[in-house]
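Reader: I am new to this structure and would like to understand the words used for it. Could you take me through them?

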Amino acid sequence: MAAVMIFPAFTGCFGQEKTKDQPLEEIRLNHLRMKGTHNSYHLKTPGVWALNAEYNFTHSDLDVQADRLGVRQFEIDVHYSSKNGLEVYHTMWDYASSCALFTSCMQLLLNWSTEHPEHAPIWIFVEPKDEPSMVEEIDILEMIQTDINATWPRERTITPSDVQGDALTLRDAIVNQGWPTLEESRGKVLFVLLDKTEIRDLYVERNPTLENQSMFAIVDEAESLASIVSLIDPIDQQERLSEASATGFMVRTRPDAATVEAQAGDYTRFASALTSGANFITTDFPGNDREIQYAIWLPEGPVMCHPERAPPHCTTGMIEPWGNYTPISTG
């Protein structure tokens, strides 16, 4: 009987080997979800917004958005000026801007980044607003690259070539190897060309691999440069957004547009954005405009673990364990 009782004890010690703890999966950029702002520089142009409700929103300064509202994805429109280079505003009728030049907008964010070197990476979407023929003739795309080179230190920028590495294409790198890790990316910036017209086509034609370029391009998901997907309607485009997210691309959508949802206090579109797989949820109302009750606040903080893509051990506190992100008044 004693032998029978002892036998299971030996089986437990020698018949089963302890499994070594597997290393935790690293948190990568597409494992994050963050709040972004649309036309991030935008201020209400006096008189104009009263005639066109679409323009009835004002953003805080870019560094204030980053600091107080936790915004990590920005959108900057650029227009060529023979006098000043690349100016920042929406249209000639809706011209009020919190920073006049592309370089000055970037400098605000760079200064904030320097003061907070452990922040989750910042994404800057750049949208050329001039006609495609003018963009090509004056080479505005090269101006954008020159301004980026002159403003943002290369060692604090993540480029398409950095992501691609030794992979055959950028798409292959993202799908098979993944985006850079959060720890590799802290304190850095990524730029995206926000365009799907002839301007984008010109950019890709001139730079078929995006070598020596800072901006990622928004192309169809099957193309070799596929990396960012931007579809602004999370309701009608939900399926494609979800598929792109599952593939590994960084996905952008908008919970509101033209102030329609804000005027109605309607969060239906926001609810769809939350279930779309989006990494960037880009709003006109990040929580700084007290004239309108509507505001977008992500459920676990402005930069959080992606509920579908992040590994189970990811927590918001691991991403940015600081911050008092609360609504503010723009005065």
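Author: Gladly! Let us begin with a term: a residue is buried under 20% relative accessible area, exposed over 50% and partly exposed in between, using a 1.4 Å probe and protein chains only. This is a predicted model, where local features need pLDDT of at least 70 and side-chain atom pairs count only at pLDDT 80 or more, while totals for chains, interfaces and linings use all residues. Residues are numbered from 1 along each chain as its sequence is written, and side-chain values use heavy atoms, with hydrogens and water left out.

Reader: Why is Glu 75 called buried?

Author: Its relative accessibility is 2%, so Glu 75 counts as buried. Glu 75 is placed in strand β2, residues 73-81. Helices (H or I, at least four residues) and strands (E, at least two) are DSSP runs, numbered from the N terminus. Of the nine residues in β2, eight are buried.

Reader: What does Glu 75 touch?

Author: Contact means heavy atoms within 4.5 Å. Not counting residues up to four places away in sequence, Glu 75 touches several residues, among them Thr 37, His 38, Phe 125 and Arg 252.

Reader: What makes the link between the side chains of Glu 75 and Arg 252 a polar contact?

Author: A polar contact is a pair of N or O atoms within 3.5 Å; within protein, one must be able to donate a hydrogen and the other to accept it, and residues adjacent in sequence count only if both atoms are side-chain atoms. The contact joining Glu 75 and Arg 252 is 3.1 Å.

Reader: What does Arg 252 lie over?

Author: Arg 252 lies over the face of Phe 125, at 5.7 Å from the ring centre. A charge sits over a ring if NZ of Lys or CZ of Arg is within 6 Å of the ring centre and within 35 degrees of the ring normal. Lys 35 lies over the face of Trp 297, at 3.8 Å from the ring centre.

Reader: How do you know that β2 and β4 pair?

Author: Two strands pair if DSSP finds at least two bridges between them. β2 and β4 (residues 122-128) have six bridges, in the parallel sense, and Glu 75 stands opposite Phe 125 in β4. Strand β2 is also joined to β3 (residues 85-87) by three bridges, and these two run antiparallel. With three residues between them, β2 and β3 form a hairpin.

Reader: Which strands pair with β8?

Author: Strand β7 (residues 228-230) pairs with β8 in the parallel sense over three bridges, while two bridges join β8 to β9 (residues 280-283), also parallel. Arg 252 stands opposite Phe 280 in β9. On one side of β8 (residues 250-253), Met 250 and Arg 252 are buried, and on the other Val 251 and Thr 253 are buried too.

Reader: Why is the pair of Phe 285 and Tyr 294 called edge-to-face?

Author: Rings of Phe, Tyr and Trp (its six-membered ring) pair if their centres lie within 6.5 Å; planes under 30 degrees apart count as stacked, over 60 as edge-to-face and the rest as tilted. The structure holds 10 aromatic pairs. The ring centres of Phe 285 and Tyr 294 are 5.8 Å apart and their planes stand at 90 degrees, so this pair is edge-to-face. Phe 285 is buried at 2% relative accessible area, and Tyr 294 counts as buried at 3%.
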